[in-house]
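Biologist: I am new to this structure, and I would like to learn how to read a few of its features. Could we go through them one at a time?

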Amino acid sequence: MDDQYLDAFIRESEEAITELNNSLLALESDPEDEQAMESIFRTAHTLKGNFGAMGFEDASDLAHAIEDLLDEMREGNMEVTPEVMDMIFAGVDQIEVIVGEIEAEGESTTDTDEMVAEIRGVLEDGPEAAGGGSDTTDDESDDVEADSDDTAESEGGDADDTADGDADGGGSDVTVDTSVFADASVDADEAYHVRVEIGDSNMLGVDGMLAVEAVADTFELLAAEPARAEIEDGEYEGGFDLLVDAPDTDVLRGSLNSVSKIDAFAVERVEAFGDDGDDGDDSGETAASTDSSVDEIKSVRVDVDRLDELHGQVEQLVTSRIKLRRAVADGDMDAASENLNELDKISANLQNTVMDMRLIPLKKVVGKFPRLVRDLARELDKEVNFQIEGEDIELDRTILTEISDPLMHILRNSVDHGIEPPEERERKGKPREGTVELRATRERDHVIIEVEDDGAGLDVNEIRREAIENEVRTEEELDRMEEGEIYDLAFHPGLSTKEEVTDTSGRGVGMDVVHDTVTQLDGSVSVDSEPGEGTTVSLRLPVTMAIVKVLFVQVGDEQYGVPIKNIDEISQMNGTKVVNGEEVVEHNDDIYPIVDIADAFDVPDAKTNGDGMLVRIRESERQVALKCDAVTQQEEVVVKPLEGILSGTPGLSGTAVLGDGNIVHILDVVTL
């Protein structure tokens, strides 16, 4: 199988699974949500079709079974119960496992027979087969079947009242407009024009999709008016026309009668179409090819204008390079210098364009979280309302990938440690249902992601006790700390104020990972809490992390880089004083402790140029000043995160390779 097509199939399936999960959650919270139901049908239909087209029949059968079960719920024949939804979610999970196996091995070994049988069992025996729910009476089902049979009888007559002798009136008002496909040119020995009426429907798109699918699964669909994509989007009034290649009228009518979504229809045989080399009808659309091309265009994640902009910049780059070579060959240093300045501007613009192209909406990560919270709440017997704001805010692809697990850990802790059980919330005068909200906002070149819950909150005294017992801090150190700093101790490995260890969150598991990961991404994390009211965990992350402007400082024979965005002021080493044995400097009545870089990294043969230099860090990052021998230059560098045993080293965020090949460590001012 072509790797290109397989990769596209996997990516589309992953997106479809996330969309299906979220639509199912919306349906579970509001069984009358027609928009959610329509989205579910479309997504299940897409999954079923894609699996079948790629030859993964087991997965296609499972998606088909889920679709049939949802159809019963939509028709009112099946109640939406938590147990039935659990079964559907389990089926979606199995589909996700299959996609993972296909991505890893190129095929799946998961057997879906048992899950399909369970779902079919619920279809036959009702919701109680899934562990709960109310019965739908047999009489009601019989009535539905009887109605269908009556319709079949009224639509299945052998009226021969047209010139071609094969017209079928599915209702007194249903007629075939022979002009619709008059100019169509397709290669078929015999074709039938079918006029389909859907009737009253709250979901024209879904009903149209199911009707067209039923016809296309049995016969060759030659053309559609309006186009098939428009029918499946509900862009028609009452009905639509299909051009079908079928063996005879009776077989076609019998198939149409079996489609419950069709209210009435009419069929007329038409003369064979000659093949004049044109495969389309007036709409320019035949069944599958146009759908495929439209989907492919929509799957492009980069705006066409952005691609044109990138192409133009590359053209400028090539032209400037030619001019520079010519100037060097001619020995014209003035022209060479001018061309270098031009290259600087072009490369800067090119850099910005490429970095923008790497930006991906946050919803790529947080789209899976509603399902996560739902499952945790069910497991813990809690009621949780999960909300997301700002999911369209964009971040660099690398950063999005890295923060997925930290955000998951924070949400787990909010649901498990934060939100109280419903009965306990009632005793406290709170609503039984707790709220967890994930918010994202953009502040210049940073994104702030907050996870807020209205749960029990953090107890400062309990954190202090845990910190002392686990020898995280001494009592004297805790006395000197602000309340916010004590809350931040929640990120210390092994520290937890939760009495009961659970499978969901463990004891302090994960929150130290949050701190380490965010720090490595050149971000920061903080906690704010109000006992009894709730907790907010805030992540401050750069929009992009690949290229950073840094200030180089000299310490002995070594050089370090400090991100310019973290620096507030550079000054001579004067006006310092000693307070409680620590060297500090005063600025605007605030005291800034001095961190000697030479001492922090045990730099050999460190020396001081005069009294040295101070690099005062922005208060928003950390209230501290860095001591060095000298400040040398500013430069943009590509920062590579530390890996292996160096990963997580306090005081270092990564390394950068300079133009001369030397490697420079980039300082992390928060952990230094």
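Predicted model: local features only at pLDDT ≥ 70, side-chain atom pairs only at ≥ 80, totals over all residues.

Biologist: At what angle do the axes of H14 and H15 cross?

Modeller: The axes of helix H14 (residues 369-379) and helix H15 (residues 397-418) come within 10 Å and cross at roughly 30°. Because angles under 35 degrees count as roughly parallel, H14 is roughly parallel to H15, and H14 passes H15 in a right-handed crossing.

Biologist: Which residues of H14 and H15 meet there?

Modeller: On the H14 side they include Phe369, Leu372 and Leu376, and on the H15 side they include Ser404, Leu407 and Arg412. By class, the contact of H14 with H15 has 9 nonpolar, 1 polar and 1 charged residues.

Biologist: Which residues have the most contacts inside the largest nonpolar core?

Modeller: Those are Leu362, Phe369, Ile403, Ile449 and Leu539, in a core of 48 residues, and the largest share of this core, 7 residues, comes from H15. Another core, of 44 residues, lies apart from it and has Ile102 and Met203 among its members.

Biologist: What should I look for in the backbone?

Modeller: Most residues other than glycine have a negative phi, and most peptide bonds are trans. Here, a cis peptide bond joins Glu225 and Pro226, with omega about 0°. Asp381, in the loop between H14 and strand E7 (384-389), has a positive phi near 55°.

Biologist: Is Asp381 buried or exposed?

Modeller: Asp381 counts as exposed, because its relative accessibility is 62%.

Technical notes:
Residues numbered from 1 in each chain as written. Heavy atoms only, no water. Axes fitted to C-alpha atoms, helices over the stretch in contact; angles between N-to-C directions. Helix = DSSP H or I, 4+ residues; strand = E, 2+ residues; numbered from the N terminus. Parallel < 35°, antiparallel > 145°, perpendicular 65-115°, else oblique. Left-handed = near helix turned anticlockwise from the far one by under 90°. Contact = heavy atoms within 4.5 Å. Nonpolar A, V, L, I, M, F, W, Y, C, P; charged D, E, K, R; others polar. Core = buried A, V, L, I, M, F, W, Y, C linked by side-chain atoms within 4.5 Å. Buried < 20%, exposed > 50% of the residue type's maximum accessible area, 1.4 Å probe, protein only.
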